[in-house]
Amino acid sequence: MNFSDKVSLIWNIAELLRGDYKQSDYGKVILPFTVLRRLDCALEDSKEKVLDTYKTMNEPLSTIQKRMLERASGSTFYNTSPFTLRSMRDFPGMLADNIKQYIQGFSENAREIIRYFDFEAQINKLQDANILFNVLEEMLKIDLHPDVVSNIEMGYIFEELIRRFSEQSNETAGEHFTPREVIQLMVNILFDAEKTALNSAKVVRKIYDPACGTGGMLAVAYEYLRKFNPTMNVEVFGQELNGESYAICKSDMLLKGLNVSNIKYGNSLTQDGLEDEEFHYFLSNPPFGVDWKKTQKDITEEHKKKGFNGRFGAGLPRVSDGSLLFLQHMISKMKPGEGRIAIVLNGSPLFTGGAGSGESEIRRWIIENDLLEAIIALPTDLFYNTGISTYVWVLSNHKSVNRQGKVQLINAIDFYKKMRKSLGSKRNELGQEHIDDILRFYSYFEEGEHSKVFDNEDFGYRRITIERPLRLNFKTTSERIGKLNDQNAFTKLSAAEQEAIKDVITGIPSDFVYMNRDEFEKVLKKQIKQAGIQMKAPIYKAVLSALAERDENAEICYDAKGNKEADTELRDYENVPLKQSIYDYFNAEVRPHVEDAWINEEVKDDRDGMIGKVGYEIPFTRHFYKYQELRSSEAINAEIQVLEGEILELLKEVTF
């Protein structure tokens, strides 16, 4: 779609703002003017009919009168002002007031969109700078009539403008929208398994994006479903935190004749604008690596108070990345037995966090409830604001029989083509052939070079605690006695008490090393008794600690019950696959290397009560790793000799 000419014309208006506006503020003028021009063009053909209908009415309008005006406009919005943007040019001295009056003439659903741009303040500023008329003149040169610029093209125009403005102000353009070819892939994956059901008569489907930006994902999904089945009743819902993106999204929905009240403003994690709704399909690209510290209190409170009756029952990820919160939020709104999700995430949610951590518990809950259907690794440099690795997670609460208990991984990192011109960090793009290939891997659900299928349990493990015995030797040298001064319990004693204890210790020969703690304690206790002093347990423990040193040749220390004491400094952990016995693993992988080690059977999982903490991770890269055989030393040496020869020849040319 050729929309670049329109973008260039609109972008040229920024030249008029130079000097009166900072570059980072150009969007505050151009974006609302573009929306206004689009709405003006959309109502152009029905303007006279609306005015004829309106002249028989009095304010305030009744609901019936509003519906009559909508019918007259042929749309879900209208404007009762006698002006159009073009007719205002005839009254340049009244331009600012006329634009404000024109905006007030819109129906409330359109007026609210302009309000989120805080446009009136910009009109005043442009008027004061004496450039309002010039900006309007330039905008009128651009035809944004729906017959000339389709809704999809208009979406591209808005997104490209936002990208450029974001670059000017060093903001994150990718927070507002996702490349359309990525959305196309997600939409195809999302609906591929549903085609039979979607082709039925009187089908109703609801789509939701909790971080909808300018509405790109919702727009592509809507167009796909309406094209696939024109009789389908498709409702789109979304929520967006950025005011400008929210306004653009609503204007796009308004022009499509959709219910703009389904698009909510605010943070969907803390101000769920669609709290009681459930949806069939979900598409989202939540911000990558954005922390949720500002909302931590509210989210943590919901997690603790509501548990699984709320949205975040599975767990909370670390505060530095809230993407898994969006995923849980979406899962909580899935229609029972009818929900499917496609969400873009970075690599962190695959593996961040060990057993028992928030991230691991969220993965565990998703996989153990058989919600995860597939994960697709995308090429790098695909998004406008980042070149990092990204993944599409596909979830379903009604997997087909052959997918139940399974997870498919698709490696599509090499499926791309280079762009002729980069857009921010976006240097690569998916061609239609790449989308078709990835969709084929997904649909066939077979093992191959780019597709692997695993059991759910393959991603789970038990983190067992490996202990080794405590081995200590004891000696009463002056150096070790001096370590008493590092013991907190000892330093709290009076000077006289400290000296009395040191006298007891020095009574034990300093040239003898005790390799058995029990033997040393017998000698120490005898000395204490002979000295006639009382030594409380904390002090006695401090004395033993100061006089001891770890020694792998010393005898093992035992507790009062005759059990081996563990050396915390030698403690280690092993991740045992869920499909494998922890004892078989221990005997094969640990005991041959550390004969005196054992499994700490007191460390158990909080949920199933079995030994070891259960964790889940998805080591995507490891499953597609290809070993590359190293070159032989002979080949490397031969290459070095050739290079040395070339260098010598070059040196001769320089020298002589």
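**View 1. H16 passes H18 in a left-handed crossing.** In a left-handed crossing the near helix is turned anticlockwise from the far one by less than a right angle, and in a right-handed one clockwise. The contact of H16 with H18 has six nonpolar, one polar and one charged residues by class (Ala, Val, Leu, Ile, Met, Phe, Trp, Tyr, Cys and Pro count as nonpolar, Asp, Glu, Lys and Arg as charged, and the others, Gly among them, as polar). The model is predicted: local features need pLDDT of at least 70, side-chain atom pairs count only at pLDDT 80 or more, and totals for chains, interfaces and linings use all residues. Residues are numbered from 1 along each chain as its sequence is written, and side-chain values use heavy atoms, with hydrogens and water left out.

**View 2. Residues where H16 meets H18.** Leu324, Leu327, Gln328 and Ile331 of H16 meet Glu359, Ile362, Trp365 and Ile366 of H18 (contact means heavy atoms within 4.5 Å).

**View 3. Burial of helix H16 (residues 323–331).** Nine of the nine residues are buried, so H16 is largely enclosed by the rest of the structure. Buried means under 20% relative accessible area, exposed over 50%, and partly exposed in between (1.4 Å probe, protein chains only). Among the buried residues are Phe326, His329 and Met330.

**View 4. Ser360 in helix H18 (residues 358–368).** Ser360 counts as buried because its relative accessibility is 0%. Leaving aside neighbours within four places in sequence, Ser360 is in contact with Thr352, Gly353, Gly354, Ala355, Val614, Gly615 and Tyr616. Helices (H or I, at least four residues) and strands (E, at least two) are DSSP runs, numbered from the N terminus.
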